[in-house]
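Morning, everyone. Have a look first.

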Amino acid sequence: MTPDERAALDSYAEQYGMDSADVDAALSRLSDPTPAMARAAITAYALRRDLVAGRESRAIIPAARAVIAAWRAPAESAAEHMRRLAEALANLERALQGSYEVEIPEE
């Protein structure tokens, strides 16, 4: 691949919010790709990245809602309120770190 072809691919990848390192990762399994193959690999890489981000957000959104519910929920005491809130925040933190085994309490 010529430097001009690579520059064109980097430019193409920018529409997906990718940088040169992402392009390297997208092309890593191809040997001497044509420009069309390289663009397809870049597009596929961007789609996989977005699918993974979508799965992660499905874990994060319920955890964030649980934090809000814990904040708003009436409690017998301030200590109970803080315990529920701390538990919900811990679940949110696990979701943000990518742990999919987050337990969301029923509202």
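The chain has four helices and zero strands. Helices (H or I, at least four residues) and strands (E, at least two) are DSSP runs, numbered from the N terminus. From that end, the order reads α-α-α-α.

A word on the source. This is a predicted model, where local features need pLDDT of at least 70, side-chain atom pairs count only at pLDDT 80 or more, and totals for chains, interfaces and linings use all residues. Residues are numbered from 1 along each chain as its sequence is written, and side-chain values use heavy atoms, with hydrogens and water left out.

Now the overall form. The C-alpha trace spans about 70 × 20 × 15 Å along its principal axes. How much of the chain is buried? Of its 107 residues, 21% count as buried, meaning under 20% relative accessible area with a 1.4 Å probe, protein chains only.

Helix α1 covers residues 3-14, and helix α2 covers residues 20-27. They pack at an angle of about 105 degrees, and their axes lie 9 Å apart. Axes are lines fitted to C-alpha atoms, for helices over the stretch in contact; angles run from 0 to 180 degrees between N-to-C directions.

Who makes the contact (heavy atoms within 4.5 Å)? On α1, R6, L9, D10 and A13 take part. On α2, the residues are S20, V23, D24 and L27. By class, that gives four nonpolar, one polar and three charged residues. Ala, Val, Leu, Ile, Met, Phe, Trp, Tyr, Cys and Pro count as nonpolar, Asp, Glu, Lys and Arg as charged, and the others, Gly among them, as polar.

Methods:
Contact = heavy atoms within 4.5 Å. Buried < 20%, exposed > 50% of the residue type's maximum accessible area, 1.4 Å probe, protein only.
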